[in-house]
Amino acid sequence: MQNELFETMPVHKAYFKLGLPVVFGMVISLIYNMVDTYFIAQTGNTNLVAGVSIGAPIFTLMIALGDIFGLGGSSVISRLFGQKLDDNGKRLSVFCFYGALLCGILIAAILMIFRSPILYLLGADAETMPFASQYYTFIALGAPFIIVTYTPSNLLRTEGFATASMIGSILGAVINMILDPIFIAVLGLGAAGAAIATVIGNICTDIFFVCFLLMKSKRLSINPIGFHINAAEIGQIMAIGIPASITNLTQSLGIALTNRFLLPYGNDKLAAMGIVMKVNLIAVLILVGFAFGAQPLIGYNYGAKNQARLKEILRFCYSFECSVAAVLAVVLSLAAPAMLGMFIKDDAIVTIGVPMLRMQQLGMIFMAVVLVTTCTFQSAGKAWGAFLLSASRQGVIFAIVILLASKMFGYSGVLLSQAVSDILTAGLAVILLCRMKI
């Protein structure tokens, strides 16, 4: 059944069979993020909302680190499956799982040791520090569970288990949503409650994935007995995993830079941007889900050297992704006041946030091009192209743009920086795609 999915099923059917569960899982995660933001915003404390926004890049950092082993591993393993080297794929899946676990333990230790300087670097001040510190502390302690989550959720899709990957993600998000109002509102734990609920949700997801791997998977494993791996194989995983993680690391950088450049304009701007980022995730996560949901399909056919099917897959991916991006941009722009008003009743914050959200949508189609191209490079093992795009959109290009735009156009320049960065990075993606033969 798995080989039929990757080799002979019509492209649009295979694409949606792999992509829709990823998108659905991400939408559920998005709903959790919105519920999380809703209950935080309902406290009516602007500094609390801003404090959680300041701590948000730490959670994104953990997703990025999980992607080293999840996306890096799935890229290599899907190509191995396409080459009919199933035993090698199984060995590498063991490395990815335990590599993520050890990475999480190390990161938790580092984050706790350097807690204060990191929080100040992220933009915390005297008013927001107590709330940012609460959120940061519990998220940091939960790092091993959070980082591990993103490894099996990606690896399972290489075996065609996209639905199981979705169920695991949904399970954690639902538990999170149930616990959020209890911890934040009923128990009055505020920012700390939001973080604790997040960690518990990820623990439940980890338990589900481990049970599924032990009971259902035939070509993946977490059994360390007899495990071995060589430096070249680790290098292959890292060559794709690190650029993949940079996409999320630069997202953390992008959020942190935006917060830093908004800081002179007041904490109300920070609070508004924190809510805007959550609403914008509606478009971002759907696009990411469809782009990276196709990763096993692209990787398998690239490994199998089925060029005709690979080109058909890529044509469909680009056309569909850009169409979805256009629709989402229009809908979110028109619904901006209502969407923001769902999270906070402060009319001043909503008024500030509406142009922020609309400016984020200006680059949405260009972001779609970047996502599909990045996924293609990762799936095909083109580490250099994946690295350049991953380091650009919310990294190098974004940093240059926001620095120049803020000096030239002030507050409006800060708000437009992401859209300009999206356009420039899409241009880079087209150039790289033409030069790197897939």
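**Helix geometry, helix packing and selected residues**

Helix H3 is followed by lysine 84, whose phi is positive, near 65°. The structure is a predicted model, in which local features require pLDDT of at least 70, side-chain atom pairs count only at pLDDT 80 or more, and totals for chains, interfaces and linings use all residues. Residues are numbered from 1 along each chain as its sequence is written, and side-chain values use heavy atoms, with hydrogens and water left out. Helices are DSSP runs (H or I, at least four residues), numbered from the N terminus.

Helix H3 covers residues 46-82, and its 37 residues should span 54 Å at 1.5 Å a residue; the end C-alpha atoms are 52 Å apart, which agrees. The expected span is 1.5 Å times one less than the number of residues. H3 contains a kink of about 40°, centred on aspartate 67, where the bend is the angle between axes fitted to the seven residues ending at a residue and the seven starting there. Of the 37 residues of H3, 35 are buried, so that the helix is mostly covered. Here buried denotes under 20% relative accessible area, exposed over 50%, and partly exposed the range in between (1.4 Å probe, protein chains only).

Lysine 84 lies in the loop between H3 and helix H4 (86-113). This lysine is partly exposed, with 48% relative accessibility. Most residues other than glycine have a negative phi; lysine 84 has a positive value although it is not a glycine. Lysine 305, likewise not a glycine, has a positive phi of about 60° and is located in the loop between helix H13 (295-303) and H14. Lysine 305 counts as exposed, at 69% relative accessibility.

Two helix pairs were examined for packing. The axes of H6 (residues 129-141) and H10 (residues 190-215) come within 7 Å and cross at roughly 15°. H6 is therefore roughly parallel to H10. Axes are lines fitted to C-alpha atoms, for helices over the stretch in contact, with angles from 0 to 180 degrees between N-to-C directions. Angles under 35 degrees count as roughly parallel, over 145 as roughly antiparallel, 65 to 115 as roughly perpendicular and the rest as oblique. Residues of H6 in contact (heavy atoms within 4.5 Å) with H10 include Phe131, Tyr135 and Phe138, and their partners in H10 include Ala191, Ala195 and Val199.

The axes of H14 (residues 307-334) and H17 (residues 364-380) come within 8 Å and cross at roughly 150°. This angle makes H14 roughly antiparallel to H17. On the H14 side the contacting residues include Leu314, Tyr318 and Glu321, and on the H17 side they include Met364, Val369 and Thr376.

Arginine 157 belongs to helix H8 (residues 152-158) and is buried, with a relative accessible area of 2%. Residues up to four places away in sequence being excluded, arginine 157 touches Phe6, Leu18, Val22, Leu71, Ala162, Ser165, Phe292, Gly293 and Pro296. Glycine 385, in helix H18 (residues 383-390), is buried with a relative accessible area of 0%. Apart from neighbours within four places in sequence, glycine 385 contacts Phe377, Leu432 and Met436. The C-alpha atoms of glycine 385 and threonine 373 are separated by 8.8 Å, the two residues being 12 apart along the chain.
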